[in-house]
Amino acid sequence: MTVRVPAKVNLALCVGPLRDDGFHELSTVFHAVSLYDDVVVEPAERLSVGVVGEGADDVPLDDRNLAVQAVRAVAALTGREPAVRLTIRKGIPVAGGMAGGSADAAGALVAVDALWDTGLDRETMLGLAAGLGSDVPFALQGGTALGAGRGEQLSPVLGRGTYHWVFALADGGLSTPAVYAALDAMRAEQPQPEANLDGVLAALRSGDPVALGRTLCNDLQPAALRLRPQLGRVLEAGREVGAVGAVVSGSGPTVAFLTRSADDGVHVAAALAGMDVCRGIRRADGPVAGARIVVDEPVEAAPAGPRR
Ligand code: C5P
């Protein structure tokens, strides 16, 4: 059973106060883009996980792995043994602010539900997802959605159009809790500018990439920049080569550039690659669907030979 799950970028990320449970109250606009992890599950004697692809060495293989936690959660709920082999193929940057770990958790939930034929309903799946991490419900759902609470409470966003993105990957990840903590420290020193969702919501209704590019916003960006000052140059470089919007993705350090069209995306990606400001470049489109089972392409029947 193979499930494909998209990365996310936050088109707007407004971080409210720190709550008693250690999370910040958020209002955000999530947007799923076509960079994917594949999560494969197979029956096995006992639970184990393997990770392949870029950054695989940085993904934990023990109970810290969110996909492992997802398998255990479904097993506990349904009274089964969590006896599967998980294989994760990484296409989403690891620790990049694009919710790769959350995607793997969402993929594992869908995959074991299908493998074990447990038939969990949507509410149950979303509840399990929220227990695993703030971004996991969105990885199940995909598309473009408003997130409230700590990010796990989703509601639909009216929008039109397909957007063409270029992502600049950084060397080394950033720890999400460290970026939130840096923001709290900066706010304690002096008031910080606050992101606002309204411009993004209006731009999504219009379907205009230039309007969306102008309104992208992220309260975590100044904190990510404090921890990784080089990102300032990356943001600037994308704007110089024609991106209509530039923003740090989630807690970073990946930087997202919005482009006017698919052709412009090719141009911006090539120009950025020539500037030597980042480790790698990926192009992607959004919005795309959330976690879904990949049905193997049917093997084409061999052409029938001539009848005699
Ligand atoms: O929910 P998730 O495991 O992705 O969160 C990782 C960390 O990010 C949390 O432990 C917390 O430090 C921070 N976080 C936060 N407020 C949120 C979401 C995440 O402070 N709404």
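User: Which residues form a nonpolar patch on the surface, and how much accessible area do they have together?

Analyst: Start with the idea. Patches are made of residues with over 30% relative accessible area and no salt bridge; nonpolar side chains (Val, Leu, Ile, Met, Phe, Trp, Tyr) are joined within 5 Å, and like charges within 9 Å. Accessible areas come from the Shrake-Rupley method with a 1.4 Å probe, and for residues only the protein chains shown count as cover. Here the patch consists of Met 1, Ile 293 and Val 295, with about 270 Å² together. This is a predicted model: local features need pLDDT of at least 70, side-chain atom pairs count only at pLDDT 80 or more, and totals for chains, interfaces and linings use all residues. Residues are numbered from 1 along each chain as its sequence is written, and side-chain values use heavy atoms, with hydrogens and water left out.

User: Is Val 295 buried or exposed?

Analyst: Buried means under 20% relative accessible area, exposed over 50%, and partly exposed in between (1.4 Å probe, protein chains only). Val 295 counts as exposed because its relative accessibility is 66%. Val 295 lies in the segment after strand 12 (292–293). Helices (H or I, at least four residues) and strands (E, at least two) are DSSP runs, numbered from the N terminus.

User: What does Ala 223 touch?

Analyst: Contact means heavy atoms within 4.5 Å. Ala 223 touches Val 179, Ala 182, Leu 183 and Met 186, not counting residues up to four places away in sequence. Ala 223 lies in helix 8 (residues 221–227). At 0% relative accessibility, Ala 223 is buried. Ala 181 is 42 residues from Ala 223 along the chain, yet their C-alpha atoms are separated by 8.4 Å.

User: Which domains does the assignment give?

Analyst: Domain bounds come from an automatic or database domain assignment. For this chain, that gives domain 1 (2–157) and domain 2 (163–286). Their C-alpha centres lie 23 Å apart.

User: How do I read the area buried between domain 1 and domain 2?

Analyst: The size of an interface is often given as the accessible area lost when the parts come together. Buried area is the accessible area (1.4 Å probe) that two parts lose on being put together, summed over both. Between domain 1 and domain 2 that area is about 2,400 Å², and carbon and sulfur atoms give 63% of it. Leu 11, Leu 13 and Val 15 supply 23% of the area that domain 1 buries against domain 2, more than any other three residues. In contacts, 30 residues of domain 1 meet 36 residues of domain 2.

User: How many salt bridges does the structure hold?

Analyst: Side chains of opposite charge can pair when their charged atoms come close. The rule asks for a side-chain nitrogen of Lys or Arg within 4 Å of a carboxyl oxygen of Asp or Glu. The structure holds 16 salt bridges. Two of them cross the interface of domain 1 and domain 2.

User: Which side chain meets Asp 38 at 2.8 Å, N to O?

Analyst: Arg 4 does, in a salt bridge. Asp 38 is in strand 2 (residues 24–43) and Arg 4 in strand 1 (residues 2–18), 34 residues apart. Asp 38 is buried at 9%, whereas Arg 4 is partly exposed at 28%. Arg 89 also forms a salt bridge with Asp 38, with the closest N and O atoms 3.2 Å apart.

User: What about Glu 54 and Arg 282?

Analyst: Their side chains meet in a salt bridge (2.5 Å, N to O). Glu 54 is in the loop between strand 3 (48–53) and helix 1 (66–78) and Arg 282 in strand 11 (residues 280–286), so the pair ties together parts 228 residues apart in sequence. Salt bridges that share partners join Glu 54, Asp 171, Arg 279 and Arg 282 into one network.
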